[in-house]
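Student: I have a structure open and a list of labels to go with it. Can you help me see what each label rests on?

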Amino acid sequence: MEYSKKQRLHKLSAVLIQASTAEAKDKLRILRKLIDSSAELGEDLSNLASHLRQVAAPEEEPFLFTTQLSENRNLLEVVFRDCDDVKYRYFSIGDRQAMMLYVEGMVGSDILEKFILTPLLQLKKDYVFTGLAAFSGILPVVSLKTSASARDCITAALGGYAALFVDGSAECLLIEAIQYQKRSIGIPQNETVILGSHEAFNEDLNDSISVIRRRCRDNNIKVRRVYIGERSKTAVAIVYAANLIKPGLMEEVEQRLNRINIDRVTSTASIEEFIVDHPWSPFPQVQATERPDKVVSSLYEGRVAIIVDNVADVLLVPTTYAQIIQSAEDYSTPAIVTSLTRLTRFFSSLVAIFLPAFYIALVSYHPGMIPTALAISVAEQRLRSPFPAFMEALFMEVLIELFQEAVVRLPQKISGAAGVVGALVIGTTVVEAGLVNALLVVITSVTAIASFTMPTYSFSMSLRIMRVPIIFIASVLGLYGLALSLMVIVTHMCSLRSFGESYGGNLFNITLLGDWKDTFFRLPATLLKSRPKQLGSQERDRGGKKDS
Amino acid sequence: MGNLERRTSMSPAQFALLFAVIGTGTAVLVMPATLVPVAEQHTWVSVILGAGLYFLAGTIFIKLGDCFPGESIVEYLPRIWGSALTVVTLVIFTGMILVQTSVRVQSFGREIVFFMFDRTPIEVVILSFLVVCTYGAVQDLGTIIRMAQWLLFLSAPPMAALLLLSMINIQFINFFPIWPVNIVGIVKGAIYSWPYYWGYEVLLILLPSINRRTTNLVAAMASSFLFKISLMLLALISTIGSMTVEGVKNIIYPTLLAVRGIELPGTFIERLDNYLLLSWIPFGYITIVIWIYIASVTWCQYFGYKDHRPFALIFSVVIYIASMSLHDFSIYLNMVETSRLLGFGFSVLIIPAAYVVVRWKRGRCKDDK
């Protein structure tokens, strides 16, 4: 009998031998519908139950706790339905029943055992429960608080707190027992330096704040937290120097963060695009860094750091072109070397945008500007290729993009080999095949290398993006088109604002020429006595005042 | 708080830079061809005399504005001579801007086509230029001020360097004879130099935006005049010195030819005139942007609107149509003459007349020293 039942369950054709495949399919479809309907019905019923419970609760609260522990447990079980990692531990405190709710993996078992359960279980049988607040003198933990809010309780439990409920109390005690797996402080991956600190942020918000605090024992460094993400409720910290920041900037940052309406935050980019003024601009209007020393320097220039929990990058605002072009290394090398490096970077950014377009313009429209010997050489080489200069340049751009993408996406061990293949293909084969001329290979390589010199990867990407339309314009309007493109870029950079600061316009602002000491050049530290004027810091003297 | 930055304020130094970029490129490229036929060897005197004349006019603009602190011409002019005459004045002001910019745009197109694209229709050059200019003109004042500074730093050094390089071809004998002095020609040249000094007229609209707590505005304006004089004298020395007065008279773009004549031994750079053109394009761009912006803001203020952008679009179309209608060289020359008359009349007659009326009605203005 048992065997036949199993047979019936597993093989429909055994029971309905005569049935056609179509009939079997029909019955399966009906069964599937019934299963779906019952699941929906279950969902509706639980929703209905939660709505009924919510009737008395204030807005934004899923329900109200009652004095009945069993009731509270039922309510929480509905909320945490199908959450197998949520655990309930029952025990007695004196003559009352108690329950502890926690999320496995978010809390430390040792903390739960040694510092919460052991002291509570050691309470005598005649212990008279006078309220949850009394446990603050019993539990040897750092942080605990009582809460009557179901919402707070749920959020805290999901964040690594243990929630203690005692029969007869309509509140819960939230005990910090956070101990989840996380990455330790590592070395920077994208902003490496030869000299200087080798610490980088990790994904833990508290760790990130602590590495900043460790570098500045300054009570004027303030940390404010906001929570973003309707569902993820990701903690975001706003860090700033209260005595330096431009008045209104912190409030502006906080307002923009609070205006973010999103269900989850998984990266800094998802925040960045919400808080910038021009999300369609190719230029990065927020600076992301993984270096705590860079964040500290920025804070003392009057900027604001935005740290997102579970993300290893910190955002810095306001951001300008001059700041994007600076590297952490700039402050650990001699001033004269840094100054030259910076000038090289500014020049490189122009090369990265305009060099291929300049080549096309010269070859296609203004060959007279090329020295005669070189012009003959170029003409001779171009004879081997059937394509116009524009097509050749475009072809090389596509190839470069392909190889860059391949190298970035491939595993590290293989990417080196891909790079070699790319270099060989671009360097020799393409020329030998007569697809492009050798000079263009040189130009494309120089352009790519110039874009790699940018300290910020996102800026390097934006240079790449701009290059292609300018190639098109140069192929139509030659040097004139190039000049017009420059006008458009300058206008865009001058109109672009990052939290009120002009992105590129202040580079040559006559009223901010004093800032050149740490923009185009870097003067020795002994001469960097004042903060940049551009960011409008309240206190310009870097020596500071003896304040509170 | 939408923005933490002050968008509508500038320092006198920033005004000086803004004024310095207006029309300077044209002053370098076209001025010798216009003034040398009139003042010949003594064009340099005309240039300096013209600077003095228009500096005086600019000072009157400032004094008039100082009589009405915080107000632009659109706001205070009705109180000087009523609303009807105000409209007439503003129409002349806008007309002067539009005619002069149309002439400039046409001239720009001609030069680009002549030196860079002899087979490209001028319409393509002008249209693409005006599209980019319109993009600049729809920005706010803060952006335009920053652009002007960027482009001045970007363009002035190579332009000055090229003019200095062209000195290697000059022959001092070309500057002679010094005597007899052509007084009429010098005066005429000074009057004709208005298009190369224009730009101080923006004060009528922008004076309330200038924060004058630190630097003297008149001194700042004087420094801009000095900058323009320096570049123009360089251009004069370069052209007359290398091509003689008679040679310059017969050439439309003498400065470009003077720079084309530079031959640097053993270097890899050739055809330097193209580089001069490249350094001139930003000057042309910012000049047109500023004037479209000023014309737009004038009528925007008159009609009480806050957004100048629709006016900027309309004026850009007007300038395009007007500059297209100047293909015929005789019409073009007539328009050059008309714009010169309008500009001179507006700067030297209308606004000083308004200032006289104010002084007559109110006596000495409060801010007058």
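**Labels and what backs them**

Tutor: Start in a strand pair: A:Val223 faces A:Val239, which sits in β7(A). Keep in mind that this is a predicted model.

Student: How do you know that β6(A) and strand β7 (residues 234-241) of chain A are joined?

Tutor: Count the bridges. Pairing needs at least two bridges. Here 8 bridges link β6(A) with β7(A), and the two strands run antiparallel. They therefore count as a pair.

Student: What is the strand order in the sheet that holds β6 and β7 of chain A?

Tutor: The order is β6-β7-β9-β10-β8 in chain A, an open sheet of 5 strands with antiparallel pairing.

Student: What makes β6 (221-228) and β8 (287-289) of chain A edge strands?

Tutor: Each of them pairs on one side only. From one strand to the next, the twist in this sheet averages 25 degrees.

Student: Chain A also has the order β1-β2-β4-β5-β3. What kind of sheet is that?

Tutor: An open sheet of 5 strands, paired antiparallel. At its edges stand β1 (86-93) and β3 (144-147) of chain A. Each has a single partner strand, so one side of each has no neighbour in the sheet. The twist averages 25 degrees between one strand and the next.

Student: How do you know that β3(A) pairs with strand β5 (residues 172-176) of chain A?

Tutor: The cut-off is at least two bridges. β3(A) and β5(A) have 4 bridges, in the antiparallel sense. They therefore pass as a pair. One place to look is A:Thr146, which is opposite A:Leu173 in β5(A).

Student: Which strands does helix α5 (residues 109-121) of chain A touch when it packs on the sheet?

Tutor: β1, β2 (96-103), β4 (161-166) and β5 of chain A. The direction of α5(A) makes about 30 degrees with that of β1(A). Helix α6 (residues 150-158) of chain A packs on the sheet as well, touching β2, β3, β4 and β5 of chain A. Its direction makes about 135 degrees with that of β4(A).

Student: Which residues of α14(A) and α15(A) meet?

Tutor: From α14(A), A:Leu399, A:Phe403, A:Ala406 and A:Val407. From α15(A), A:Ser415, A:Ala418, A:Gly419, A:Gly422 and A:Ile426. The contact of α14(A) with α15(A) has 6 nonpolar, 3 polar and no charged residues.

Student: What about α7(B) and α13(B): why are they roughly antiparallel?

Tutor: They pack at about 155 degrees, with axes 9 Å apart. The cut-off is over 145 degrees, so α7(B) and α13(B) are roughly antiparallel. The crossing of α7(B) past α13(B) is left-handed. Among the residues that meet are B:Leu151 and B:Pro158 in α7(B), and B:Trp280 and B:Phe283 in α13(B). The contact of α7(B) with α13(B) has 18 nonpolar, 2 polar and no charged residues.

Student: How many residues does each chain give to the contact between chain A and chain B?

Tutor: Chain B gives 33 residues and chain A gives 33 residues. On the side of chain B that touches chain A, α1 (12-21), α6 (122-137), α7 (141-165) and α13 (272-302) each supply at least two residues. α7(B) gives the most, with 7 residues. That side of chain B has 20 nonpolar, 9 polar and 4 charged residues.

Conventions. Residues numbered from 1 in each chain as written. Chains lettered and ligands numbered in written order. Predicted model: local features only at pLDDT ≥ 70, side-chain atom pairs only at ≥ 80, totals over all residues. Contact = placed C-beta atoms within 7 Å. Nonpolar A, V, L, I, M, F, W, Y, C, P; charged D, E, K, R; others polar. Axes fitted to C-alpha atoms, helices over the stretch in contact; angles between N-to-C directions. Parallel < 35°, antiparallel > 145°, perpendicular 65-115°, else oblique. Left-handed = near helix turned anticlockwise from the far one by under 90°.
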